[in-house]
Amino acid sequence: MISMTSMMTALLLSFAATTLGGRVMFFFWVCLLFFCVGGNFALFPVATARFGKTYFSANYGLLFTSQVVAGPLGALLSSSLSDAIGWTGMWFLGASLSFLGTTLAFFYKAPSVSARYQFAH
């Protein structure tokens, strides 16, 4: 998870440099960004399992359903924010949020197996 969010942060911070490399570099960067987005979906079950099996299905459902809310809300928010801070500002905002995710993933420690077992029963 840390590698995925770190990669996303680096790609977003360096996205403005794609103008120097032309269409090929832009295409390569966009493909890598979408790889990170898809990779996050692959990490959902693992991230949800870290909280134990008791409410795994409910937590996983909420996590996946959050995309239904985040999609339209993100589109509306990015439309109004891009007018205020520009697209470069949007890339830096996205990189900042991704870096926050990296930091949280680095410092979050999953409970031990015995603690999860006691919590489940």
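Axes here are lines fitted to C-alpha atoms, for helices over the stretch in contact, and angles run from 0 to 180 degrees between N-to-C directions. The model on your screen is predicted, so local features need pLDDT of at least 70 and side-chain atom pairs pLDDT 80 or more, while totals for chains, interfaces and linings use all residues. Residues are numbered from 1 along each chain as its sequence is written, and side-chain values use heavy atoms, leaving out hydrogens and water.

**Stop 1: two helices**

Select α2 (18-49) and α3 (56-107); helices are DSSP runs of H or I, at least four residues, numbered from the N terminus. Their axes come within 9 Å and cross at roughly 145 degrees.

Now show side chains. From α2, pick Phe41, Phe44, Pro45, Thr48 and Ala49; they meet α3 residues including Phe56, Tyr60 and Phe64 (contact means heavy atoms within 4.5 Å). This contact has 8 nonpolar, 3 polar and no charged residues. Nonpolar covers Ala, Val, Leu, Ile, Met, Phe, Trp, Tyr, Cys and Pro; charged covers Asp, Glu, Lys and Arg; the others, Gly among them, are polar.

**Stop 2: a pair of rings**

Zoom in on Phe44 and Phe64, an edge-to-face aromatic pair with 6.0 Å centre to centre and 85 degrees between the planes. Rings of Phe, Tyr and Trp (its six-membered ring) pair if their centres lie within 6.5 Å; planes over 60 degrees apart count as edge-to-face, under 30 as stacked and the rest as tilted. Phe44 is in α2 and Phe64 in α3, so the pair ties together parts 20 residues apart in sequence.

**Stop 3: the lining of the largest pocket**

Which helix supplies the largest share of this lining? Colour α3 to see it: 19 residues come from there. By class, the lining divides into 26 nonpolar, 10 polar and 1 charged. A pocket is an open set of points on a 1 Å grid over the protein atoms alone, where a 1.4 Å probe fits, with protein on both sides within 12 Å along at least five of seven lines; lining residues have an atom within 4 Å of a point.
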